[in-house]
Structures are given as C-alpha cells and as structure tokens.
Amino acid sequence: MKFQIEDVTVYFPYENIYPEQYSYMIELKRALDAKGHCLLEMPTGTGKTIALLSLITSYSLSKPSNPVKLLYCTRTVHEMEKTLAELKLLHNYQVKHLGPSARILALGLSSRKNLCVNPAVVSAENRDSVDAACRKLTASWVRALAAEDPRVPTCEFFENYEKAASDAVLPPGVYTLQDLRTFGKEKGWCPYFLARHMVQFANVVVYSYQYLLDPKVAGIISKEMQRESVVVFDEAHNIDNVCIEALSVRVRSQTLEGATRNLNKMSQEIERLKATDAGRLRAEYNRLVEGLAQRGNLPISDTWFANPTLPADILKEAVPGNIRRAEHFLSVLRRLVQYFKGRLQTENVEKEGPVTFVASINAQVGIDQKMLKFCYDRLYSLMLTLEITDTEEFMHIQTICDLATLVGTYTRGFSIIIEPFDERMPHIPDPVLQLCCHDASLAIKPVFERFQSVVITSGTLSPIDLYPRLLNFNPVVSRSFTMSLTRDCICPMVLTRGSDQLPVSTKYDLRSDPGVEKNYGKLLLEMVSVVPDGVVCFFVSYSYMDGIVNSWHESGILKEIMQHKLVFIETQDVVETTLALDNYRRACDCGRGAVFFSVARGKVAEGIDFDRHYGRLVIMFGVPFQYTLSRILLARLEYLRETFQIKEGDFLTFDALRQAAQCVGRVIRSKADYGMMIFADKRYSRHDKRSKLPSWILSHLRDAHLNLSTDMAVHIAREFLRRMAQPYDKTGAMGKRTLLSQEDLEKMSNGVSDMLF
Amino acid sequence: MLISKKYNKNRKNYSCPAFSFDLTLSSASPLQLKLQTNTETALYFFYKNTRSYFPLSLITRMISSLFNIFLNYITRSVEKDFRFCNYQLTCIFVNGKKSISTANSDSELQRLHQQFVAGGKLLDQNDGRMPKQRVALKNEMWTVKPLSDGQSNRVTFNLSPEIIYQIFAEKPAVRQAYLNFVPNKITEKEFWTKYSRAEYLHSTRNVVAAAAEAAEDEELSVFLKQDELLANEARRKIRRVDPTVDIDADEGDDYTHLLDHGLSRGHTKDVLDPIYEPYRRSFSQNLNQHAAVVLQGRLVDVELGDTRSVAEALAKPKQAELANEISNNSKGNLEKGLSDRISRMIEIEDLQGPRDPSVAPLSVKDPRDYFDSHQGDALNAFGDAGSGVKPLKISVYSGEAYDSLRELVSEVRVKGLSKPVMNPEVAFQVLNVLIQNISSTKHSLGKSPHDSVLDTLPKVPKDELLHHWTSIQELLKHFWSSYPITEKYLYEKVTRLKDAMSQVYPKLQEIKESVQSDFRHQVSLLVQPMLQALDAAFAYYDADVQKRSTKIQWSCVD
C-alpha cells in the first residue's frame, strides 16, 4: 500500500498497516523534518522495524536532490540479517511500484569472521583467528613480498578485488551477509573489503552498535559517513550499557603475562631489525619527530583498531620525545606492566579516580600523563613498523595501551577498581584491574553531534524520561506507544505462590530454599503439560540456573518435564547454545515441543525471538537484578546519584525490570501471534516494581492476575489457550480498528484525524 | 493396459519402505504382478505359460490372495510401523484407482508413468535416497546413582540395549572407545564398569578428582575428557544453522569476544587451572546433547542388542551426512533454503492482504470416504437387511494365502483355461471391481464392497448420492473457510454459497422419493448426515447475520 504523510509518499509492503505503525511513522517524520533526535518506545510485535525502514527509505526517495543515508544499528548479527530481509521485501515492493528509480544499495557489514570466503582462512583446520589469518595474507608488506617471491601465499579474493580497483562495486540491491559472500564468491572478490569500501556509497548500512559507539571500531569504519544520515539504534534499551562497555578495559594477570611475552617478542624484532634493516626504524623515528603519530593513507588491509578515545579527545600533537625511539617506548611499557603487576598483588579492594591513578603511576614508575595518552598511537605505529600480522597474539599489549590512553585522557566519569578476587568466590584468587566508565553519554556524544538525526527505539524504554538523562541529549520527539490489540493476545501473569501456597522468590534469603526450587519446578511441570509447542524459561543468572536445574534433576522433576517436552539449555559456550537453539526450533517445528532454559541478560535474552509456536509461554523465574555487591555496579550507582540524582534503588529496579520485560517481550511478533508471560516472583506484585514494566504489558495485566498461585495460573493458561484457538476478525471488530487499509488512511487524511488512540 | 504406481512418501521421522506394484494385463504378454519394496527383496508373480486367458473370477481371487501375501509380507517386515504402512498402502490403492479411471480416457497415466518411472528421475527402481526409518527414543537421561544402603559404598547400575544405544548416540567418544578397546583390550564388562565410574565421577562434580583418576587410567581418561568428536561435529553443524539463531556469528562481530574487552558482565566463568580444563563437563552440555539425540530418533534398522554393531551403525550415518552436506553445499541449496526460510519468517502475516482471494484450492475427495465412514452406523441401524452376500475373508496368513493360490493354479491346470478370450471391457471391469474392493478396505480391513450400503443401491440413485455429497462437501468447505468474515468479498461469497446450498435440499428429497420403498429407509439414513451438515451451516449463518446487524459499524471512534 502507499499513502501520504504530509509531503512524503510512504511505500509500505503490506496490504494493511497497524494504527500504531502509522502513528510511529508520523512521529518519526516529525523528527526527521526537525533534523533532531528522537526516542520512541513501541511494543514488540507491532512491526517496528518495517515501519522505520519504510518511512526512512520513502523519505529519502521523496527528496531525490538530497537523500538521507540510513545507518541502522542492531545488537546482533542475526538481527542484522532479519532487518536486511525485511528491507529486501520493502525494496522489491518499492521497485515494483516506482520502477528502477527506487533502486538503492543496502548492505550489512560485519567482521572478517562473518564475511570471509577464502577457504584457506575459514577452514576448521586453520587454528589462527580469521582476523589474523587474513592479515597474514593481505598486509601490505606481505603483498610486497609476494610480488617478488611467488611462493609467498596471498589471498586471491583480495588480489582480485585490488585488481578490479574502481570496477569493484556492488550493483544496487539489498545484500545480507550471505548475499555478500555469494556475490564475492561469484566475482572472486573479497566480500569484506568490498563491503567496507561500499559502505561509503550505500543508501542503507546495517551494522552492529560497536561500529558507531566503540571509538576503536568507529574510527576505522564509520569515520567517512556524511552528516546527512539518520542513525537508528534498534532494540536500544541496553544502549547505556553498550556505551559504557565501549570505554571500559579490564586487565587480569593473564593479560599482564601475555603483555610481557609480547614485549619480549617486540624487543627481539627490534634487535633483528637493527641488524638487518635499521632504516625502517629510523624512518619511523623521523616521522614521529615530524609529529605524525599515524601514518597517512594506509592501505585498507593494514588498518587496525583506531584510538580508544573519542575523536574529539585525540591530541593532534607530536608524540613526546621520550617514547619516540622504539626501545625507549618498550621500556616505558615494561615499567607500566610492572606497575600493574604490583597493583594486582593487593589483598583489598581498591578504588580510585583516574587522576590519583595517573599521579601514582608517575610517582612510582615515572610515566607522565602525556606519555600515557600517546601509548596507543605509539604502539600502533611500532606494530606497523615491525610488520606484525598476528593481531590476536598482540591483543594483550594492546589492552594495556588502551587502558593507558584512556586513563591519560579522561579525568572524570571513570574509576579504577582493583579486586583481588570475585566476591562470590573468595577462595579463588583472581585479581583484576578495571578501568570502568560510568558515563554512558561519553561514547554516544560524538554520534549525537555528528549526525543530523539519531533514532533510539525499542520495545522497552520505560521510563522513557530516564534515557535522555543517562545519554545526555535532548530529543525533539519522545513518545511511548501502546499496542492496539484485536484480541487479548498476550496474557501476563504475576505468580507469587507455588502449588503449596508458599511464596516464591529469588530474593537472597529464599534463593536456595528447596521449597522455592520445588515450587518453581512444579510450576514448570504443570505448564509444560498444558502449553503446546515451545516454552521458554528465564533465570536470573547462570549460577542460579545451573543450581536449580541440577536440583530438579536430582529430585526427578526434570525427568517428569521430559515426559512432555524436550529440554534445551543455554550455556556459556555460544556454539553449543546456537546448536541447542537450532534443535529447539526443530523440535517446535515438528510438533515435538520443547522447553528452553535461558538466562536474563544472556545472549539468548538479548536477541532471539520466541515468536509463534517457538514460544507460547515465557516464565521469568525471579527478578533479574544485577549482582548488587559488584564494585563496578556500586561505583556506577554512586556516579549516577552524584551526577544525575538518580537513586540507587530506582536504577536497580529500572534495570531489572527492563531486562525482565525484554525477556518476556520476545514471545510475540505480530498481532496474529499469541503468548503468555509469567512473572514468577512475589516481588512483582509490589507496585513499585511492577509499575516499571512497559505500559503495553501493564495494560494487559489484570488485577485478578496479580497474585496467583500455580493452580490458578494453570487454570488461566488453559482458558487463554482455548480462547486463542478460536477464529477471530483480524480487522478488529468491537469498535476499535486495529488494522488499517489504504482506503482507511485516505479517509482519515481527508478530515477525520486523530481517531487512532 | 499397464498400471504402475509407486509410492514414496516420507513423513517426518517416520517412514515406511516404499513399495510398488506393477500389474500387466494385456493380450500380448503373460499376466504378471510384481510387488516390490525399497529393500532388495521383491516378489514376482508370473504366469508365463499362459497363452490363453484367465477367467474373470479367477483373476480377481488370485490378485486378492496376492495382496494378502504382500500385506503380510510388509507387515511382518515392519511390524512396528504397521499403522503407517497400512496408511501408505491405502494411498497407493487410491492412487491406483485414479490412474485407472483416467487411463482409458487419455494417456495421462502413460505420461505419469513416463515421468515417474521410465524417466528414472523421481522414482528409481533402487531408490537409494530414501531416508532411513527412524523411531522415537525415550526422553530419559541415564544417570549413575550411588545406592546408599548404608553399608557399603557400592554403586550399581543397569544397562539395557536401549540405554547403550543412547549413550553411544549422545557420546561419540564412548562409541569410538568401545570400537577401539572392546574386546581386544578390555572386556565389555570392564568397559561399562569404567564408563560408569567416569559418570559417577562427573556426577560428583569434582574436576580435580576426575583429573587425578584419569591420569592413572588411560581408558578412563577417554570418558572423563571432553568429547573431541562431539566438538568437531558441532563445528561442522554450526555452519548450517538458521542465521536468525546464530549467536556464534555475533561473537565475531561485536569485537567483545576479544580478550579482556569491556567489563565482566556479572556472571564470571569459574577459573580453573588449565590442566583441569579438559575434564570440565557440565550437566547442561549433557542435557542439550540428550535432547538433540532424542529429537533425531533412532534408526529402525539398527538391531539393538549387539553392542558392537550398534556402535558401528551409529558411526556410519555420520559419514553419509557429511557427504550429503558437501554435495548440498556445492550447489548452494542450503544457503538458498535458509534465506527462503528467513524471508518467510519476517513477513507479518496479518498485515498481508488476502492471498488469491477468490480461489480456494479444490480438493475433490472420493465421495466413498463419506459413506464408508457412515455405513457402520447405517448398517447397525437396519441390521443386516441389505447384505445377502457372504463377506470376503480378508485377513489371511501368508501360508493360507499361498495355499489358496496354489489351489487356484492347480485348478487351472486341471481344468485348463476356458475360452473364449476375455475381451478388454471385461478385463477393465475386473480391475474396477478389484480396485473398489481395495478402496473400501481403507477404513477397516474387515470391510468388503458388499458390506457397503451404498453398493446395494441401484446405480442411478447411488451415483446421484455420490455426486451430491461431493458437491455438498465442496460447498461446505468453502462456506466454513470463509469465516470469520473479514472482507466484503467473503460476505458475498457466503451469500452465494448459502443460495447454492439451499437448492440441494429439494434435490435430496427427490432422490429419496425416487427410490423403491425397500431402499428408501437406507437412503434416508445416508442422506441424514448430509442434511445435518447443511443445517449446521445454515444455523451458523443465521446467527452470524444477526450478530452483524447489531454490531456497531466503525465510524469515528474515540
């Protein structure tokens, strides 16, 4: 269908549209017109992605003289693939209606690991990481060597790509990672470098958050993007955490050992070079004297991670004299590593600010703030001079320099925390030195400044006024949409008591109570016997999940559950979890039915959809609070209180509830879909906790469902499933329109306005 | 005339041996009937020395005996899946019938035959691509539990062939160890004792103790270490998972997999001394592996009991899979399949307009189905009044069937074959009778065509009844599929359907009146369910109309 929103003709690849999608587009357009940032919360299952893509591409089509570019950020690769698949659908539709003039170039961008097609690099026999293996074949010095000596292996895909030079372009179209690989194989061009190159010319780029937020990655990939771009952060409820992560570094004793090895190797290399090719070192020195930390135009295959600090904070100065010589620089690094080793030997938890930390480094090993600040660039230059290809191996020393540069640059918003062991396992010494960023606005600031519109959107952004404070920006539009439902296709419940009427909770004092474990087990057992197809369970942490699953196994409850469904479980091993998920889907597809055990804040909760028969019920066992004794968390809470006047308790509850909402929100994908959500903890019945849930869940949470025991919940589930099995009128019969056709929209724009909500 | 039909259907995990029959009846060649399964065994029945022709009745009897033999053969070979086998048999027969009915009008059958059999593209005689049959496994995990009788520290365990199968399937390393060690190095009993010991050690979750014991015992260490084969297989499988669940791909993307990047996320991995690392194993891992194996099911042709052959059989399909995968990969089938799957998944179903609005697929069913399912009631209703025919004995043992066949053949020998030569019309009639027999056995094996009330009726009302039922069924199907009425055209369609259906009533009444009085009762019994079905549709229609008229039309809504 196509319709008009003010001056823009929107092409939407479906026959109908949900009213909230329409309103969403209107708000979005308002933000684009104002060239400002916006914050939009819309429930999952209302086709947020397609509404976004559809409006922004149509907006761009309607302004052919000055089309906006779309940078669409997803959290995960599989979300990237899904987004591109939706875009493909949309693009086909637009081309069908507008002809070839609607053609755009859209592509996904990921790392070498996901794009490489060279069989020698990606084969299982190859023990190197894809990154390192690629550099070994494509680094400029390797290729220079190969030009003289044909026995030196290179990558044919990269060579072909280089040979094709300016002819190596992607024709217009939508390319998923898979399509890029296929295209690359066909043409014999390296898809990774081709994609990196094409990103500048593409109308739509879909990539991961890090490519914009992490200065190390953004500095090499996103630096060429023009200002006339719309940046979208989808599923952005955790965006503050991503920002913080991007500027945090941790150093363990293994890192220090590795760094020492790296330093030894580098000094050997320097010695060798002095004997064989002293000119190279001298050339580097001269360049540094001239004040160029970075070499000018590097070949694309040589680019490394960029400076870990934000672009505005990088000094355009010459590298200080005392680290210009390679051997001097190495000795500085040795002293720094030695200093860190000393700090790690502490027996108490230590916390200090960057300023005192830098002062103490200066006092003890004589490295001043300016030297620290240049560590990363200096290391980078040295590694290029030494022609090091194995990036993985030299990760350790890079981490050290990361930390040094960050700590030398920033004086506020960070703290150094040294812990001799993990609070939860005090008997195992595991010292760690962490540079923690507390201010989420730091990393995202350049994005807000550089691009004309930034859209932050998710199914769970409640309370929506908190995000502008955390990220320190002023949205021109900030709105939360509710869901117009044809029928009550979601059924949230709060379960406070088990089958024996005793309270259930994962609260500290009840956590390991065998009665609670048993009640939780009985709840699941009852539910798997009632609910068809897929059931998903979320637990508050890995250790809690391991514990309770083991106890269910020992008490035989697990065996009984297995009578009804297959059981799969998330583990910390991603390969295993991926295979488990794949099998889980298969089991749901073939009608066998399965249960998936997963962890809130884990990888599965972050981005796997359990829509349709893949999830008819989600049980959230407990409230997923962060580990509150964590020093890092405490430091962040303190910072939030001092800077933003956000109370600790409020933030913790907000954080826990957004995770819980995120977990249960995966269950529904469209209004034709249906699913139940059980919040199994007595604390959810309290108003202060519950009210933090997004409004689209709250509006379906009936008062009668606020304080249930297992037997009542089972009864409600039965009723609900029976009701959902009935046929229904999709257009929304009882007075409220939940599906609009092109005709309806035309009618609305001709007068009757604002009839939606 | 040539009738040839093969059936090759695969239903999820279950499948049944494909089989085919070829029946050649012509004036030029001898009568032959060939029955064949997908295994190498085939049953051939030839009558070579017949220059002349069989009498009609003889052929009918003979072929039904042959079918019985065949049926017995099949059921014996796959007893466990008798139900499926049976299901597929009937499918063949129905298809067989359809082919015959069209064969005399056009050459479609020949074309089909060309396409399916002679072309050799779809159904090869030795169709080796037939997936192996699989049966379900019990979803239960085997654990070693120490029996605390309070007196000794003994641990007892039970192993059944099924459990052994499961262990081998879940733990390729154990399977490999069995093939390597037993019986040359250690006995079977020792092997399982060691295995149980290892399992016990795992259940105590004492990694250090496990490592210590493994250091002393080579065989034991195999069980205690992580399963290398499993890890390899995982690496292989990870490349063909659905990209929408591929968390592994994220690892490479976000750069957070790089060492020491970012903060610890609250859930730390417990740190172990690297020498203990290979002995770490989690219950979760077992749980996932177990569920995967149960989901896959068990190959039916693996004889449980002989441990060695079980182990060997399990090692084999892996290689076949591997080869299969390579050929798939080279064609890019896999990738295409996955991307198709994603594009299907991302579509939002209820935003889609109605697809192909006016056409619902026709499925004209054999109207006999309906009467067969109702005839039981009808028969009970008026006793055995209509059927004066002796019921045919259907379930025969193979021996019995063979005897009867032999008897028949010897009869032919003694009496010789009667002349004159049977004409083609008669031959065709034979087949019709035969096929009718087969199709009516669909619902219960005990029914013969003569038991059917329908067949006792004269031809004209019978045909009419069948015709009406077919049309009513079709009308009703469209009627019910139009609800709920969400579009205008649906409303119009329902109105049209209603009109059409209301015209059926008088026609049925006509049939009832036209038949002789002694059949009238039977006919009305047959017609009644049709009327009931129509009545239900009308009642629903009226209720819906009422509801609609009261419903608020959408206008301006708050």
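**Exercise 1.** Determine in which sense strand E16 and strand E21 of chain A pair, and over how many bridges.

*Solution.* Step 1: strand E16 (residues 490-497) of chain A runs parallel to E21(A), with six bridges between them. Strands are DSSP runs of E with at least two residues, numbered from the N terminus, and two of them pair if DSSP finds at least two bridges between them. Step 2: within E21(A), A:Met677 lies opposite A:Pro492. Step 3: strand E20 (residues 617-621) of chain A also pairs with E21(A) in the parallel sense, over five bridges; here A:Met620 has A:Phe679 as its bridge partner.

The model is predicted: local features need pLDDT of at least 70, side-chain atom pairs count only at pLDDT 80 or more, and totals for chains, interfaces and linings use all residues. Residues are numbered from 1 along each chain as its sequence is written, chains are lettered from A and ligands numbered from 1 in the order in which they are written, and side-chain values use heavy atoms, with hydrogens and water left out.

**Exercise 2.** Explain why strand E21 of chain A is largely enclosed by the rest of the structure.

*Solution.* Step 1: buried means under 20% relative accessible area (1.4 Å probe, protein chains only). Step 2: A:Gly675, A:Met677 and A:Phe679 are buried on one side, and A:Met676, A:Ile678 and A:Ala680 on the other. Step 3: six of the six residues of E21(A) (675-680) are buried, so the strand is largely enclosed.

Technical notes
Buried < 20%, exposed > 50% of the residue type's maximum accessible area, 1.4 Å probe, protein only. Helix = DSSP H or I, 4+ residues; strand = E, 2+ residues; numbered from the N terminus.
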